[in-house]
Amino acid sequence: MQDPSSIGAVQQLLAGTGYVCPRPLATVLFLSLKLGRPLFLEGEAGVGKTEIAKALSLATGRRLIRLQCYEGLDASSAVYEWNFPAQMIAIRAAEAAGEADRGQLQHDLFGPDYLIERPLLQAMRPDENGAPILLIDELDRTDEPFEAFLLEALSDFQVTIPELGTITAPEPPTVILTSNRTREVHDALKRRCLYHWVDYPDFARELDILHARAPEVAEALSRQIVAFVQRLRTEDLFKKPGVAETIDWAKCLLALDVIDLSPEVISDTLGAILKYQDDIARIQGSEAKRLLDEAKASLEPA
């Protein structure tokens, strides 16, 4: 499938996968595809940054390759590794067979048959469905040396393996980087990318998202869920619920055959939307009733 030819086409394409894409985000996505520039998405956890890459992959039919970042991630783990156990077996088999050509053995051991390709190298390979979508998820979990390596790799879209040489992507992948902003990412990497802040959605958009992802939930209950979550985000919580939690909670309430929110139902199911005990303890009881009353009042016609 060809990349979308307009901003509206991006919105329509992603809507077909159940992703409700606002125009500012659709604009920067369109420009990323059109110009071949990496896209850097920043925002709180659970607002849908990772889902953007998944939806784009599903909509365009292009392969999604995900590099999940973590503390201590280095270039070799992100690019390639050698299959050491298989190499040892091959060495012992050669010794048992009396093969004496060490040069040929070394050449074979460090060839494609023993190479384990990691996400960055996989993204450099040709694909019959078009250049893959490379998702570099939660970049803020890594450290500055990896950022520096990544800046170089994304500038030339090539990686070097000492034993095999330099591998260059025949067609650069579409790169989407995400950050939960637990730390600042270096300016040099940000300048290489187009940037977009993914915020919590407003009531109307979150309701649209819930309709798309959990269409079986009744309209009245969906409105109550979204209104309550929106009120909940105004509280001083350690971790505010994201859109993912809204969807999870709606599905939990559906499984319990709930048709109308009550303080008791909220207290019983808070673990679906709040993930820290201090937050749960704060909202239970009278606070849950207060927030629910405010949420329902906001839904009444003026």
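Is Asp 257 buried or exposed? Select Asp 257 to begin: this residue is exposed, because its relative accessible area is 65%. Here buried means under 20% relative accessible area, exposed over 50%, and partly exposed in between, with a 1.4 Å probe and protein chains only.

The model is predicted: local features need pLDDT of at least 70, side-chain atom pairs count only at pLDDT 80 or more, and totals for chains, interfaces and linings use all residues. Residues are numbered from 1 along each chain as its sequence is written, and side-chain values use heavy atoms, with hydrogens and water left out.

**Two positive phi angles**

Stay on Asp 257. Its phi is positive, about 60°, although the residue is not a glycine. Asp 257 sits in the loop between H12 and helix H13 (263-269). Helices (H or I, at least four residues) and strands (E, at least two) are DSSP runs, numbered from the N terminus.

Next, select Phe 157, in the loop between helix H8 (144-156) and strand E6 (158-161). Phe 157 is not a glycine either, and its phi is positive, near 50°. Phe 157 counts as buried because its relative accessible area is 7%.

**Strand E8**

Select residues 174-179, which make up strand E8. Six of the six residues are buried, so E8 is largely enclosed by the rest of the structure. Both faces are covered: Thr 174, Ile 176 and Thr 178 are buried on one side, and Val 175, Leu 177 and Ser 179 on the other.

Two strands pair if DSSP finds at least two bridges between them. Glu 42 is opposite Ser 179 of E8. Strand E5 (residues 133-137) also pairs with E8 in the parallel sense, over four bridges. Leu 135 has Ile 176 in E8 as its bridge partner.

**Aromatic pairs**

The structure contains six aromatic pairs. Start with Tyr 80 and Trp 82, whose pair is edge-to-face, at 6.1 Å centre to centre and 80° between the planes. Rings of Phe, Tyr and Trp (its six-membered ring) pair if their centres lie within 6.5 Å; planes under 30 degrees apart count as stacked, over 60 as edge-to-face and the rest as tilted. Tyr 80 counts as buried because its relative accessibility is 14%. Trp 82, at 16% relative accessibility, also counts as buried. Show Phe 110 as well: ring pairs link Tyr 80, Trp 82 and Phe 110 into a cluster.

Move to Phe 228 and Trp 249, a tilted pair at 5.5 Å centre to centre with 50° between the planes. This pair links distant parts of the chain, 21 residues apart: Phe 228 belongs to helix H11 (residues 219-232) and Trp 249 to helix H12 (residues 243-255). Phe 228 and Trp 249 are both buried.

**Between H11 and H12**

Which loop holds Glu 235? Glu 235 is in the loop between H11 and H12. Glu 235 counts as buried because its relative accessibility is 13%. Not counting residues up to four places away in sequence, Glu 235 touches Lys 240, Arg 282, Ile 283, Glu 287, Arg 290 and Leu 291. Contact means heavy atoms within 4.5 Å.

Select Gly 46, Val 47, Gly 48, Glu 51 and Ala 244, and look at the space beside them. The largest pocket has a volume of about 510 Å³. Of the 27 residues in its lining, those five, Gly 46, Val 47, Gly 48, Glu 51 and Ala 244, are the closest to its centre. A pocket is an open set of points on a 1 Å grid over the protein atoms alone, where a 1.4 Å probe fits, with protein on both sides within 12 Å along at least five of seven lines; lining residues have an atom within 4 Å of a point. H12 gives the largest share of this lining, six residues. By class, the lining of the largest pocket has eight nonpolar, seven polar and 12 charged residues.

End at the second largest pocket, with about 210 Å³ of space. Its lining has 17 residues, and the closest to its centre are Asp 3, Arg 62, Ala 131, Pro 172 and Thr 174. Helix H2 (23-35) and E8 are the elements that give two or more residues to this lining.

Technical notes. Points joined across faces, edges and corners; volume = space filled by probe spheres on them. Nonpolar A, V, L, I, M, F, W, Y, C, P; charged D, E, K, R; others polar.
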